[in-house]
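Hello,

Here is the structure I said I would pass on, followed by some notes on it. Please read them with the model open beside you.

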Amino acid sequence: MILQFDNYCIRDFSPIDVIPLVKYANNYAVSRFLRDAFPHPYTQEDAVRWINFVTQDSLNLAFAIADENELIGGIGAMPNQDVNRFTSEIGYWLAEPFWNKGLMTKAVRTFCGYLFANYNFNHLTASIYEGNDASMKVVKKVGFILEGVLRKNVFKENKYLDQYIYGLLKEDFKL
């Protein structure tokens, strides 16, 4: 799968992504607002394990964000189950040298369009931790609205943080 936007794309992960994945993911500024499953420090072993996992799982919805040279981030969706089966949570990260250029907003918009067009999702959510103002701006620009705040629901860096839940309905999405 390749989704093009500007001079960037969202594409499948590949073994060639190991080195840039370590280069960009091994950054505390990147990992600080992500789940603990995204380790810091981020080692070559972590990168190989991740690439093997996502390339061997045909049901996986995790993709690389890349420029013309290399991987510069990641984006994915985690479908819910049972009565929430038409909802999926999205998540993303971007290498620090590419921050504040509007790139992630375009990537998230492109990815949401792909999810709504190719899967039976009616509702996409994004879970953003207290203090991650940049990510909140990204989802708002794409059209997500704040649906709730789970107070002190996340334990990160030895403290409790609020968790902001943003949502986007298929009927409200504009590419």
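S135 is in contact with Y92 and I128, leaving aside its neighbours within four places in sequence; contact here means heavy atoms within 4.5 Å. This serine is found in helix α5, and at 9% relative accessibility S135 counts as buried. The cut-offs for that word are under 20% relative accessible area for buried, over 50% for exposed, and partly exposed in between, with a 1.4 Å probe and protein chains only. S135 and G91 are 44 residues apart in sequence, and their C-alpha atoms are 9.9 Å apart in space.

Before going further, a word on what you are looking at: this is a predicted model, in which local features need pLDDT of at least 70 and side-chain atom pairs count only at pLDDT 80 or more, while totals for chains, interfaces and linings use all residues. Residues are numbered from 1 along each chain as its sequence is written, and side-chain values use heavy atoms, with hydrogens and water left out. Helices (H or I, at least four residues) and strands (E, at least two) are DSSP runs, numbered from the N terminus.

Now to α4. This helix covers residues 103-118, 16 residues in total, and reaches 22 Å from its first C-alpha to its last, close to the 22 Å expected at 1.5 Å a residue. The expected span is 1.5 Å times one less than the number of residues. How many of the residues of α4 are buried? The count is 12 of 16, so the helix is mostly covered.

Next, the packing of α4 with α5. Two packed helices are described by the angle between their axes and the distance between the axes. The axes of α4 and α5 (residues 133-142) come within 9 Å and cross at roughly 50°. Axes are lines fitted to C-alpha atoms, for helices over the stretch in contact, and the angles run from 0 to 180 degrees between N-to-C directions. α4 and α5 are therefore oblique to each other; angles under 35 degrees count as roughly parallel, over 145 as roughly antiparallel, 65 to 115 as roughly perpendicular and the rest as oblique. The crossing of these two helices is right-handed, a term used if the near helix is turned clockwise from the far one by less than a right angle, with anticlockwise giving left-handed. On the α4 side the contact is made by M104, T105, V108, R109 and C112, and on the α5 side by V138, K141 and V142. These residues divide into five nonpolar, one polar and two charged. For those classes, Ala, Val, Leu, Ile, Met, Phe, Trp, Tyr, Cys and Pro count as nonpolar, Asp, Glu, Lys and Arg as charged, and the others, Gly among them, as polar.

At 10% relative accessibility it counts as buried, and leaving aside its neighbours within four places in sequence, T105 is in contact with V138, K141 and V142. T105 and K141 are 36 residues apart in sequence and 6.9 Å apart in space, C-alpha to C-alpha.

What does L94 touch, not counting residues up to four places away in sequence? The residues are V30, I72, G73, W99, L103 and M104. L94 lies in strand β5 (residues 87-94) and counts as buried at 8% relative accessibility. The C-alpha atoms of L94 and M104 are separated by 7.2 Å, with the two residues 10 apart along the chain.

Finally, some backbone details. A cis peptide bond joins H40 and P41, with omega about 0°, and P41 is found in the loop between α2 (28-31) and α3 (44-56). K152, in strand β7 (residues 145-156), has a positive phi of about 45° although it is not a glycine. E157, in the loop between β7 and β8 (159-169), has a positive phi of about 55° and is not a glycine either. K152 counts as partly exposed at 46% relative accessibility, and E157 counts as partly exposed at 35%.

Best wishes
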